[in-house]
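Q: I would like to learn how to read the overall build of a protein chain. Could you walk me through it?

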Amino acid sequence: MAEFLSYFRQDRLPHIWCPGCGNGTVTGALIRAIDKLGLDKNNIVVVSGIGCSSRAVGYLDFDTLHTTHGRAIAFATGVKLARPRLKVIVITGDGDSAAIGGNHLIHAARRNIDITTIIINNNIYGMTSGQASPMTPHGMLGTTAPYGNVEYNFDLCELAKAAGATYVARATTYHYVLLEDLISKALMHKGFAVVEALSQCPTYFGRKNKIGGAVDTLNWIKEQTVNVKAAAALPAEKRAGKILIGELHSVEKAEFTQQYLELIARVQRANPTYARNKGVPGCELNSD
Amino acid sequence: MAESKKRFFHVIREHYCKGCSICVAFCPKQVLELKNGKVFPARPDDCIGCRMCELRCPDFAIEVHPAEEKVTAERSVNHIDLSLPPEAHHA
């Protein structure tokens, strides 16, 4: 599939990620989902923050924006409001979205703005040598948790759901087919969509926790998870401690940019002088 | 006579492969092996074309194609003119 590589800046490949890092798998899933849906690559903006996962935009041949730490969703909100017709995708990591950018995540979810957010969760700060992140599970090791992490991790999907995201799903790099399927659905969803992709960091998470290399870490992720449909039939003791994967939440709700444009039209109808002067001075509407 | 078996061939981009062995470990038919730290199809006749190696590969280093599919020169990354900026290929 040479078509697959055509979505990349091939002069930048091979990428910088460690051998066996899950970021490449998630990026591949996003590309294949976009390819299958037949989205026009000139109408896609991919925004990312800081971190290993956020390097993905450097390899993708879309309009891309590599922003400050944690602020990817804030920048994406700006892009979406300035050009509502664009498909805006955010690729972010667990440290980027759950720690420093946690506030942006919940407020974008609250607004229900039409952004697809893919959170690559590798349970650790990989780029800066393995500090414990808000997604490091209780008791696991990291550079800043050498005797085990005493903090509890977020359930990002529950957080996003509670904050008002209208599409919430979780998959892993082991369950690739599910991951691609959920990203496709999230891309087609009108509203704030969150896909948490559990990913392996063999270099830091796998090594620090004595799990092993890329393959062992993938198997570890597989053992931690259970599909939400299968979990419904499982007895409670088998379900305990497992992470649910699959489509966790999907509802239809009025979308933010749509409502904002309707509001502008309504105010202009009510105040004809605004329309005659092409809006409030200094706040011209976009020509397109 | 049994139905003739579908055959597949593998396109390997060796300079993309980092030898993480995810494809080797999760191949249901143990088709792939590592040789000098790079993947290579040791038993291509056993391949059932599930493409899980291609899909799980984090480095975009392997592709599986049905044997009847012709590989054109431009499929290979070695034939891509990298002096052109990626924008040059946009519609």
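A: Let us begin with the radius of gyration, which is taken over C-alpha atoms; the globule rule is 2.2 Å times the number of residues to the power 0.38. This is a predicted model, in which local features need pLDDT of at least 70 and side-chain atom pairs count only at pLDDT 80 or more, while totals for chains, interfaces and linings use all residues. Residues are numbered from 1 along each chain as its sequence is written, and chains are lettered from A and ligands numbered from 1 in the order in which they are written.

Q: What radius of gyration does chain A have, and what would a compact globule have?

A: Chain A has 20 Å, which agrees with the value near 19 Å for a compact globule because the rule is applied to 288 residues. Along the principal axes, the C-alpha atoms of chain A fill a box of roughly 70 × 45 × 35 Å.

Q: How many helices and strands are in chain A?

A: Helices (H or I, at least four residues) and strands (E, at least two) are DSSP runs, numbered from the N terminus. Chain A has 13 helices and 10 strands.

Q: What share of chain A is buried?

A: A residue is buried if 20 or more other C-beta atoms, placed from the backbone, lie within 10 Å of its own. In chain A, 47% of the 288 residues are buried.

Q: Which domains is chain A divided into?

A: Domain bounds come from an automatic or database domain assignment. Here they give domain 1 (2–253) and domain 2 (254–288) of chain A. Taken over C-alpha atoms, the centres of these two domains are 35 Å apart.

Conventions:
A residue is buried if 20 or more other C-beta atoms lie within 10 Å of its own, exposed if 12 or fewer, and partly exposed in between; C-beta atoms are placed from the backbone.
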